[in-house]
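Colleague: Could you take me through the aromatic rings in this one? I'd like a close look at how they sit, and then a bit of the surroundings.

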Amino acid sequence: MSFHMLAKCIGAFCCLYLLPIGVAEAQDAEAPADTLRLDLKQTEKLFLNRNLSLVANHYHLVSDQALIEQAKLWDNPQLSVDQNLYTNNRFFEHSTNSDGSYNGQYYIQLQQLIKTAGKRGKEIRLSQTNAAISEWQFKDLMRNLRTELRVDFYTAAQLESSQKLYEEQLRQLDKLSKAMNQQFRLGNIAYKDLLRIQALQISTQQDVVENSNRLTELQAELISILQAGPNTFIQPILTDTLLTRIPILSFDDLLAKAKENNPSYRLQQLELTYQQQNLSLQKSLAIPDVTVSPNFDKNSSYVPNYVGLGISLPIPLFNRNQGNIHSAQWLIKEEETKLQQTDNQLATAIKSSYSKYLNTKQLNDNGTEEFYKDYGKLYTKIVESYEQREISLIEFIDYFQAYKEIKEKAIRQKLNLRLSQEELNHQIGIDVLP
């Protein structure tokens, strides 16, 4: 095979390799998506209004709060009525004798259960704690979904920045490749130089495709979380708050805030409170409740009209609720152990995430932003210098690849800082960092 035929084959291969992307871009242009340009606050507002998981859990929370009202209600009184059914060949005989006395019998009793040992108050407090647990479970779900949303939002912005970088470099290489093809046909440059540029084209095209696929997957996650339409494209708009002056917070301050606001820690505290209240209730159940029964009896007692009062209560001779009391005592020990473990885990997580944030922020504060800007200006001059043959191809490729790595690190550095902020906010339970 001749040298020129080899060049044509390689050129054809490059065209075939790049063709699907051009077709895909054309198809995308034919089916425009509905673009939503959203900053983080707008995205979170849309998320709160549309997320079905939050709506479902909110209903569960309201349901548990209604149980508090149920626990406050008194037991209903019980009415009992008894009368003669069949007497003197007659049903329900109720009449007056010749002497004016009443002929017939009926009995009426009203029973009311009176709970002793403060059982009703203990049940109310138990229901209140259970509702508080549901509330913090709701907050925990919202915290996890919000963190997932923010991570996806920031990552999508980072992928779009990377996509712009790769596409810009690809445009430069396409322009350069066309010019070098023309020079090659004129015999002004060596074929190996053309191949090196075409290899960079293919490599950059792979970056474009891989980054585009990741961005597509992330867009699908955002659309699912926000309950947006399938043809929607979320365009993240970042506000530059990375260099905002952050108040100096000590580890003890952060840990104290976390113990007040971290849903996982608060849930564990409430689980212990619930078991402590349950033990108090189980002990009170060992004390018998009293049933008061006022009654009226017509014509079946020693007097025609009998009015009496009955009081009944079980005798705690065998069952004094011992098993449930012992069980509640051991459950308290279990929850105390879990709380201690959760306390240690929270302190470790806060320390780790805060150290990660400080390390990442220190890197961002070391003047790297100016370095990236200066390197970008140098890269623009390098491209011009190579087009004017002021530097060699090897120097151009070195600068080209180095610029891509530097730019990728700059984009990744901003993402890492935002992710470290979100990790610390997630562990504390509130936004202590912007």
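**Rings, charges and what lies around them**

Modeller: Let's begin with a charge and a ring: the charged end of Lys139 sits over the ring of Trp136, 4.0 Å from the ring centre. Keep in mind that we're looking at a predicted model. The arrangement turns up again with Lys333, whose charged end sits over the ring of Trp330, this time 6.0 Å from the centre.

Now for rings with rings. Searching the whole structure turns up five aromatic pairs. Take Tyr302 and Tyr306, one of those pairs: the ring centres are 6.3 Å apart and the planes make an angle of 65°, so you'd call it edge-to-face, the label used for angles over 60 degrees. How exposed are the two partners? Tyr302 has a relative accessibility of 71%, so it counts as exposed. Tyr306 comes out at 27%, which makes it partly exposed.

Phe396 and Phe400 also form an aromatic pair, with 5.9 Å from centre to centre and 45° between the planes, and that one is tilted. Why are these two separated by about one helical turn? Both belong to helix H10, which covers residues 393–428, and they are four residues apart there, so about one turn of the helix lies between them. As for solvent, both Phe396 and Phe400 are buried.

Leu79, Val81, Ile108 and Leu110 make a nonpolar surface patch of about 370 Å². Two elements give two or more residues each to that patch: strand S2 (78–83) and strand S7 (106–114). Leu79 belongs to strand S2. With a relative accessible area of 58%, Leu79 is exposed, because the cut-off for that label is over 50%.

Gln282 is in helix H7, which runs over residues 263–285. Its relative accessibility is 11%, so Gln282 counts as buried. What does Gln282 touch, once neighbours within four places in sequence are left aside? It is in contact with Asn321, Asn324, Ile325 and Ala328.

Asn181 is the other one, and you'll find it in helix H4 (residues 119–185). At 24% relative accessibility, Asn181 is partly exposed. Again leaving aside neighbours within four places in sequence, Asn181 is in contact with Leu194 and Gln198.

Finally, let's zoom out to the chain. It has ten helices and ten strands. There are 434 residues, and 37% of them count as buried. Looking at contacts with a separation of 6 or more, 80% come from residues 24 or more positions apart.

Note on methods. Residues are numbered from 1 along each chain as its sequence is written. This is a predicted model: local features need pLDDT of at least 70, side-chain atom pairs count only at pLDDT 80 or more; totals for chains, interfaces and linings use all residues. Side-chain values use heavy atoms; hydrogens and water are left out. Buried means under 20% relative accessible area, exposed over 50%, partly exposed in between (1.4 Å probe, protein chains only). Contact means heavy atoms within 4.5 Å. Patches are made of residues with over 30% relative accessible area and no salt bridge: like charges are joined within 9 Å, nonpolar side chains (Val, Leu, Ile, Met, Phe, Trp, Tyr) within 5 Å. Accessible areas come from the Shrake-Rupley method with a 1.4 Å probe; for residues, only the protein chains shown count as cover. A salt bridge is a side-chain nitrogen of Lys or Arg within 4 Å of a carboxyl oxygen of Asp or Glu. Rings of Phe, Tyr and Trp (its six-membered ring) pair if their centres lie within 6.5 Å; planes under 30 degrees apart count as stacked, over 60 as edge-to-face and the rest as tilted. A charge sits over a ring if NZ of Lys or CZ of Arg is within 6 Å of the ring centre and within 35 degrees of the ring normal.
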